[in-house]
Amino acid sequence: MELKLFMARILILIILGWILYQVIKRMATSADSKPNIKSEEKPEEKIVQCANCGCHVPESESIIKNNQIICNNPECLKK
Ligand SMILES: [Zn+2]
């Protein structure tokens with residue numbers, strides 16, 4: 001009985017040691033790999049003025065029509 005208990009304890013220690021080893025290994029590898037630098041910074045978007053209504057809109061939301069900058073407003077697109 002004594003030996004069985006001793007063996008069980010050894011086994012638990014081995015398992016704990018293995019878990020600890022895995023954790024350390026994971027920490028070491030995660031520290032090694034460079035963290036992903038999230039570049040959420042958007043480049044400054046150019047603001048343009050609508051030739052029709054005169055409102056200022058980002059360039060991506062504007063349309064060039066007849067060499068004039070028009071905003072995406074349906075009212076301006078109609079004309
Ligand atoms: Zn407009």
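Strands β3 and β4 form a hairpin, with two residues between them. In the turn, Asn66 has a positive phi of about 50°. Strands here are DSSP runs of E with at least two residues, helices are runs of H or I with at least four residues, and both are numbered from the N terminus. The model is predicted, so local features need a pLDDT of at least 70 and side-chain atom pairs count only at pLDDT 80 or more, while totals for chains, interfaces and linings use all residues. Residues are numbered from 1 along each chain as its sequence is written.

Strand β3 covers residues 62–65, and strand β4 covers residues 68–71. The two strands run antiparallel and are joined by four bridges. Two strands count as paired if DSSP finds at least two bridges between them. Ile63 has Ile70 in β4 as its bridge partner. Lys65 stands opposite Gln68 in β4. In a regular strand, side chains alternate between the two faces of the sheet.

The protein chain as a whole has two helices and four strands. From the N terminus on, the order is α-β-β-β-β-α. Of its 79 residues, 6% count as buried. A buried residue has 20 or more other C-beta atoms within 10 Å of its own; an exposed one has 12 or fewer, and a partly exposed one falls in between, with C-beta atoms placed from the backbone.

Contacts were also counted. Two residues are in contact if their C-beta atoms, placed from the backbone, lie within 7 Å. Among contacts in the protein chain with a separation of 6 or more, 8% are between residues 24 or more positions apart.

His56 lies in strand β2, residues 56–58. His56 is exposed because 10 other C-beta atoms lie within 10 Å. Leaving aside residues up to four places away in sequence, His56 touches Ile47 and Gln49. His56 and Ile70 are 14 residues apart in sequence, and their C-alpha atoms are 9.8 Å apart in space.

Confidence is given by pLDDT, the predictor's score for each residue from 0 to 100. The protein chain averages 87, and 84% of the residues score at least 70. Confidence is highest in strand β1 (residues 47–49), at 94. Confidence is lowest in helix α2 (residues 74–78), at a mean of 86.
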